[in-house]
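This briefing is meant for a reader who is meeting the structure for the first time. Please look over the sequence and the 3D view below before turning to the notes that follow them.

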Amino acid sequence: MTETLAIGPYTQGDAAALAEEFSAKFLPGPAELGGLTQDARAAVRAVAYKGHHAFGAGEMDLLPNLGVIANYGVGYDAIDVTAANARGIKVTNTPDVLNDDVADVAVGLLLMHGRKMIAAADWARSGNWAAKGEFPLNRKISGGRVGILGLGRIGREIANRLAAFKCEVHYFARSEKQTPGWIYHADPVALAAAVDYLVVATVGGAATQGIVSKAVIEALGPKGILVNISRGTTVDEAALIAALESGELGGAALDVFLNEPNIDPRFYALPNVTIQPHQGSGTVETRLEMAALQRRNVAAFLKGAALETPVN
Ligand code: NAP
């Protein structure tokens, strides 16, 4: 009987490690839980979870002896922690090991978008450079005013990097933080009004749904650039698309979207949008560390030891 059920799209290497360490059984997603026999479901004590499909009360109730959901990823908004608490189920995540990669993508998105690097590469490849000459001038990023919406582990790494780019750093969080002189705003609209670029690095989930509201987008304005590496849910996407279409917002550089990977097709048609396919933590090195931390949490739970990175 299996104690550990690995749910989600694991790489061959991660799957092999889960199988070797825990004799794990695998399911592609939570929707397949109902296909297991009652005995197989009753044997499960640990779920190694990967993916963004909701894992809520219904899924938990199919696993009556579940004790831990070890999430692969720092953002655990797919997991209903309130439902887990009500059932005495522990949840763990994989913080810190991915901070650098996600911050790299945030800063890369800002540079790539602001300096129009994709259009410039197309300019060269298409022969325009030789035929028409210099690529049209774009805008300076270093030294600008940047706002970080969510100064947590990843937000701080983004701020550190942009401070090295001589940017003036502003931020919003629920409380003022100890910083090297960065400017605190108690309200996301005030933050957006004070900056040229707004980088969203807050958590996903119900509490932050639409925190980048129409008012925030308007405050950022026609010269502003919105960068989002958090979750699609944090942005009012309808307001964002409308503002990009009308020019009320200068541009957006996005790693995350609602309904990934089937994102709103209007994004593809907009020239003032730079798109990444939710690849913030997507390096070989970091994904190995995330998977190892997930397995250490499963192992600790099965041994009755302290969990390394609990969230509840
Ligand atoms: P973290 O250290 O927990 O920081 C989260 C930030 O969100 C904090 O500043 C926190 O504010 C703020 N926050 C939390 N709840 C809030 C609420 N209800 N209202 C307003 N602000 C709230 O998390 P992290 O490790 O930096 O990760 C942040 C997020 O990045 C993850 O949750 C995930 O969604 C996303 N992420 C994306 C990728 C990607 O591939 N694009 C990869 C990894 C993570 P306080 O300081 O006031 O507590």
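In this predicted model, a polar backbone atom of Gly280 lies 3.2 Å from an oxygen atom of the ligand. Taken alone, the ligand exposes 930 Å², and the protein buries 86% of that area. The points below begin with the surroundings of the ligand and then turn to spaces, salt bridges and backbone geometry.

**Around the ligand**

- The shell around the ligand is made up of 27 residues, and the closest of them are Arg153, Ile154, Arg174, Lys177 and Asp255.
- Sorted by class, this shell around the ligand holds 11 nonpolar residues, 11 polar residues and five charged ones.
- Thr202 places a polar side-chain atom 3.0 Å from an oxygen atom of the ligand, while for Ser230 a polar backbone atom is 3.4 Å from an oxygen atom of the ligand.

**The second largest pocket**

- The second largest pocket holds about 340 Å³ of space, and of the 19 residues that line it, His113, Lys116, Pro271, Asn272 and Thr274 are the closest to its centre.
- Two or more residues of this lining come from each of the elements α5 (99–114), α6 (117–125) and β12 (273–275).
- In the lining of the second largest pocket, nine residues are nonpolar, seven are polar and three are charged.

**The cavity**

- When the whole structure is searched, one cavity of 30 Å³ or more is found, and the volume of the largest cavity is about 40 Å³.
- The residues lining the largest cavity are Asn228, Gly232, Val235, Glu237, Leu240, Leu254, Val256, Phe257 and Phe267, and by class they divide into six nonpolar, two polar and one charged.

**Salt bridges**

- The count of salt bridges comes to 11, and one of the pairs that form a salt bridge is Arg295 with Glu21, whose closest N and O atoms are 3.1 Å apart.
- Because Arg295 lies in helix α13 (residues 284–303) and Glu21 lies in helix α1 (residues 12–22), this pair ties together parts that are 274 residues apart in sequence.

**Backbone geometry**

- Most residues other than glycine have a negative phi, and most peptide bonds are trans.
- Against that background, Lys116 has a positive phi of about 50° although it is not a glycine, and the place of Lys116 is in the loop between α5 and α6.
- Lys116 is also listed above among the residues closest to the centre of the second largest pocket, to whose lining α5 and α6 each give two or more residues.
- The peptide bond that joins Glu260 and Pro261 is cis, with an omega of about -5°, and Pro261 is placed in the loop between β11 (251–254) and α12 (266–269).

Definitions and conventions:
Residues are numbered from 1 along each chain as its sequence is written. This is a predicted model: local features need pLDDT of at least 70, side-chain atom pairs count only at pLDDT 80 or more; totals for chains, interfaces and linings use all residues. Side-chain values use heavy atoms; hydrogens and water are left out. On a 1 Å grid over the protein atoms alone, a cavity is a set of points where a 1.4 Å probe fits but cannot get out, and a pocket is an open set with protein on both sides within 12 Å along at least five of seven lines; lining residues have an atom within 4 Å of a point. Grid points are joined across faces, edges and corners, and a volume is the space filled by probe spheres set on the points. Helices (H or I, at least four residues) and strands (E, at least two) are DSSP runs, numbered from the N terminus. Ala, Val, Leu, Ile, Met, Phe, Trp, Tyr, Cys and Pro count as nonpolar, Asp, Glu, Lys and Arg as charged, and the others, Gly among them, as polar. A residue is near a molecule or strand if one of its heavy atoms lies within 4 Å of it. A polar contact is a pair of N or O atoms within 3.5 Å; within protein, one must be able to donate a hydrogen and the other to accept it, and residues adjacent in sequence count only if both atoms are side-chain atoms. Accessible areas come from the Shrake-Rupley method with a 1.4 Å probe; for residues, only the protein chains shown count as cover. A salt bridge is a side-chain nitrogen of Lys or Arg within 4 Å of a carboxyl oxygen of Asp or Glu.
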